[in-house]
Amino acid sequence: MTGNHEKHGKHRDKTISRRRALAVTGGTVAAGGLVAAGFQSAFADTADTTADADATASASASSTGSECMTLMTSVTEGPYYLDGALVRKDITEGKAGVPLTLRLTVVDATDGCTPVKGAAVEIWHCDAWGYYSGYTTANPGGSAPAESEEGDSANDLTYLRGYQVANANGVVKFETIFPGWYTPRTCHIHVKVHTGGEKEDGTYEGGKVNYTGQLFFADDIAEEIFTLDPYAKHTGSYTVLADDMVYDGGGAASGLLTLKAVHKKDPSKGYKGSLTLGVDPDAESTGAGSGGGGTPPSGTPTGAPPSDAPSDSASPSTSASS
């Protein structure tokens, strides 16, 4: 089971290499002042451009040089990466789960935290039961329902994977679901930041990867989500942040998202998550990183998704997974 996922062993190496680093700061003034405009305005349903501009202006005004960022080393991309993810905002493809709106801001850590317009942010994560699209034969550990798609068709799935290209304020937004978990990892989202490429035929082509990392969720929120359907159908031993092999305890500087519930008394209504990613545009990440990547199970696919993969998807919901 562990062999089908990432090998166990905590990541505690905090050695910094400026040319192979990502600076990550959370959406609070305490975490470097990068999103001083506030979480609510950053997620305003109207005047998004204005809110993004205000947040970016506050970041630049309150941060200078090395003080604006905490640098960290890249971490493993893990065994479930697929090339050729689609450029799209909604990556759910109808997958069931608690809705998650993810807002990431990319800034240049070497140039006063100015926005990195055109940076491509790529994310991928497991579904509510711990399965990754394209790797549905991998056992998530514990007791989970079987992935509903079987055979060759399962290898062509592209759910919960996608790119967004940053606007003039360095902002990308994704509509997805709260990830589930799999043994032996804590709840997380994988992320890559690319620059120098361009959108082509619905995907992002060329350029280079500046950073490979992971985003994390507070234990209390994750554990509450996992009591809800469809997550509750996956039972077993969940790995908390302190025991995870990749998360090193650094809070926002280690990828811990700032989360806000859509409805305070009903977590099933969803969450909004934010983080600022400060990259060195001259850096290039191989995706190896640290934290133990492991290897995927034998017979799982590699390469790009099929050319006829869906370019749009249904909205997230908490109904039973299809």
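Which residue in E6 is the bridge partner of Glu122? The legends below, written for a predicted model, include the reply.

**View 1. Pairing of strands E5 and E6.** Tyr163 is the residue of E6 that forms the bridge with Glu122. Strand E5 (residues 120-124) and E6 run antiparallel and are joined by five bridges.

**View 2. The open sheet of four strands, ordered E6-E5-E8-E9.** Pairing within this sheet is antiparallel. Strand E6 (161-165) and strand E9 (203-216) form its edges, each pairing on one side only. From one strand to the next, the twist averages 25°. In general, the strands of a sheet pair through backbone hydrogen bonds, in either a parallel or an antiparallel manner.

View 3. Ser274 counts as buried because its relative accessibility is 7%, with under 20% as the cut-off. The C-alpha atoms of Ser274 and Lys173 are separated by 9.2 Å, although these residues lie 101 residues apart along the chain.

**View 4. Confidence along the protein chain.** The mean pLDDT of the protein chain is 74, with 64% of its residues at 70 or more.

**View 5. Two stretches with pLDDT below 50.** Over residues 1-67 the pLDDT stays under 50, and the model has 182 contacts beyond four places in sequence for this stretch. Residues 292-322 also have pLDDT below 50, with 82 contacts in the model beyond near neighbours in sequence. Where pLDDT is low, predicted coordinates should not be read in detail.

Key:
Residues numbered from 1 in each chain as written. Predicted model: local features only at pLDDT ≥ 70, side-chain atom pairs only at ≥ 80, totals over all residues. Heavy atoms only, no water. pLDDT = per-residue confidence, 0-100. Contact = heavy atoms within 4.5 Å. Buried < 20%, exposed > 50% of the residue type's maximum accessible area, 1.4 Å probe, protein only. Pairing = 2+ DSSP bridges. Helix = DSSP H or I, 4+ residues; strand = E, 2+ residues; numbered from the N terminus. Axes fitted to C-alpha atoms, helices over the stretch in contact; angles between N-to-C directions.
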